[in-house]
Amino acid sequence: MKLESPRVTTQKSQQEMYDFLTNVENYKQVMPESMEKFEVIASDTFLFTLKGMPQIALKITETREPDLVVLGSTSEKFNFSLNILVAPEGENQSVVQLLFEGKFNAMMSMMVKGPLTKFITNLSENMGKL
C-alpha cells in the first residue's frame, strides 16, 4: 500500500527542516491532536499512541541530507516506512511531502487506509505550521 500526503510549504529552509526531522524529539510537535502518548526511546527512535490506535514505534532508518528522512516501523506485524521528502522553496522556506509505504494484506489495507491517510495528512499540515 502506498499513500501520499499533500505537499505543504514550511517557514523553514530545506536544511532547517532536515535538521528538525532528524531530531526524534521534534516529532512530538507535529503529532495529531489525538496523540495520547509520545516517548523518545533512543536517539533515533520514538514511540507514540494515537486515540483508538495501537502503539507505534518509529526509527530513523535512512537519511540523505538535506532532502530525505526515512522513518521505519520497528514492528514485524506492522511493516512500513514513511519517507519524508524536503525540497527547497526559496531562501527561508521548504516543501515537505510524506510518502507512506506498507506491506499489508488486503484486509489490513482496507482497515488502515483511512486512519493512515488522515495521520500523514495531519503530520504534513502540522509541519506546514512550523
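Biologist: What volume does the largest pocket have?
Modeller: About 260 Å³. A pocket is an open set of points on a 1 Å grid over the protein atoms alone, where a 1.4 Å probe fits, with protein on both sides within 12 Å along at least five of seven lines. The volume is the space filled by probe spheres set on the points. This is a predicted model: local features need pLDDT of at least 70, side-chain atom pairs pLDDT 80 or more, while totals for chains, interfaces and linings use all residues. Residues are numbered from 1 along each chain, and side-chain values use heavy atoms, without hydrogens or water.

Biologist: Which residues lie nearest its centre?
Modeller: P32, E33, S34, K118 and N122, out of 13 lining residues. Lining means an atom within 4 Å of a point.

Biologist: Which helix gives the most to that lining?
Modeller: α2, residues 106-128, with five residues. Helices are DSSP runs of H or I, at least four residues; strands are E, at least two.

Biologist: And the second largest pocket, what volume?
Modeller: About 180 Å³. P54, Q55, I56, S75 and F78 are closest to its centre, among 13 lining residues. β5 (56-64) and α2 each supply at least two of the lining residues.

Biologist: Now S5. Buried or exposed?
Modeller: Buried, at 3% relative accessible area. Buried means under 20%, with a 1.4 Å probe and protein chains only.

Biologist: Where is S5 in the fold?
Modeller: S5 sits in the loop between β1 (2-4) and β2 (8-10). Its side chain reaches the backbone nitrogen of L98 at 2.9 Å.

Conventions. Buried means under 20% relative accessible area, exposed over 50%, partly exposed in between (1.4 Å probe, protein chains only). A polar contact is a pair of N or O atoms within 3.5 Å; within protein, one must be able to donate a hydrogen and the other to accept it, and residues adjacent in sequence count only if both atoms are side-chain atoms.
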